[in-house]
Amino acid sequence: MQPNQHTKEVVVLSGYSGTGKSALALDLKKRIASMKGRGAFVVGKFGQHHSGEPLSAISKAFGELCHRVILLDNEEEESSICKEIEQALHEELQDEVHLLARIIPNLNEIITADAHSTSTSMSDNETVDSDARQAKFKYALRVFIRIMSSYISPLVICLDDLQWADVSSLEVIDLLASDALNKNPLMIIGSYRSNE
């Protein structure tokens with residue numbers, strides 16, 4: 001994966017516990033870290049005891065990505081990446097930014113307090129699991145990754161222990177990997193234990 005290539009890649013590593021799947025993936029992290037520029041390798045790990053917790057590893061990886069943006073923002077004197085990302089999120093999502101702020105740690109450090117208010121444009125009659133809410137949430141996730149990968153390139157998302165992933169997380173992986181509107185380099189690495 002090269003920063004100037006407009007590709008999306010999904011790599012799945014499988015094997016028994018202790019065979020080096022995570023070590024192999026983390027070798028790429030070293031390569032990304034050694035590159036000059038704004039690349040990022042973020043990690044989320046599904047847990048056996050968190051398997052009922054939707055999007056746990058996605059939330060952790062996206063929170064780590066936000067933390068990376070905050071660090072870059074502090075390093076760069078000429079521009080404010082956080083302000084640019086905040087503006088882009090607001091332009092595309094408007095009041096729906098709060099959907100992301102509910103599951104992504106550190107996003108509230110990038111967007112202003114007004115953006116992650118608890119008010120919504122949805123009616124009180126709609127439930128959290130409604131089709132309309134899910135469609136808005138999935139759209140918001142796609143927009144989030146499009147914007148982040150336009151500033152952080154290459155972006156590698158590593159999700160470990162997929163054998164314990166919830167259905168919602170697997171849907172998000174598919175959603176991001178198949179997003180034809182994201183023209184930025186993105187790699188999703190998933191690893192799972194083939195014996196569990």
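**Exercise 1. How many aromatic pairs does the count come to by the ring rule, in which rings of Phe, Tyr and Trp (its six-membered ring) pair if their centres lie within 6.5 Å?**

Solution. Step 1: the count comes to one aromatic pair. Step 2: Phe62 and Phe144 form this pair, with 5.3 Å centre to centre and 45° between the planes. Planes under 30 degrees apart count as stacked, over 60 as edge-to-face and the rest as tilted, and this pair is tilted. Step 3: Phe62 lies in helix α2 and Phe144 in helix α5 (residues 131-151), 82 residues apart, so the pair links distant parts of the chain. Step 4: both Phe62 and Phe144 are buried (under 20% relative accessible area with a 1.4 Å probe, protein chains only; exposed is over 50%, partly exposed in between).

The model is predicted: local features need pLDDT of at least 70, side-chain atom pairs count only at pLDDT 80 or more, and totals for chains, interfaces and linings use all residues. Residues are numbered from 1 along each chain as its sequence is written, and side-chain values use heavy atoms, with hydrogens and water left out.

**Exercise 2. Find the strand order of the open sheet and its edge strands.**

Solution. Step 1: helices (H or I, at least four residues) and strands (E, at least two) are DSSP runs, numbered from the N terminus. Two strands pair if DSSP finds at least two bridges between them. Step 2: the four strands have the order β1-β4-β3-β2, with parallel pairing. Step 3: β1 (8-15) and β2 (40-45) each pair on one side only, which makes them the edge strands. Step 4: β1 and β4 (residues 186-193) share eight bridges, β3 and β4 five, and β2 and β3 six. Step 5: Leu159 of β3 is the bridge partner of Gly44 and stands opposite Gly190 in β4.

**Exercise 3. Are the residues of β3 buried or exposed?**

Solution. Step 1: Leu155, Ile157 and Leu159 point one way from β3, and Val156, Cys158 and Asp160 the other way. Step 2: six of the six residues are buried, so β3 is largely enclosed by the rest of the structure.

**Exercise 4. Describe how α5 and helix α6 (residues 167-177) cross.**

Solution. Step 1: their axes, lines fitted to C-alpha atoms over the stretch in contact, come within 10 Å and cross at roughly 50°; angles run from 0 to 180 degrees between N-to-C directions. Step 2: angles under 35 degrees count as roughly parallel, over 145 as roughly antiparallel, 65 to 115 as roughly perpendicular and the rest as oblique; α5 and α6 are therefore oblique to each other. Step 3: Lys138, Leu141, Arg142 and Ile145 in α5 meet Glu171, Val172, Leu175 and Leu176 in α6, where contact means heavy atoms within 4.5 Å.
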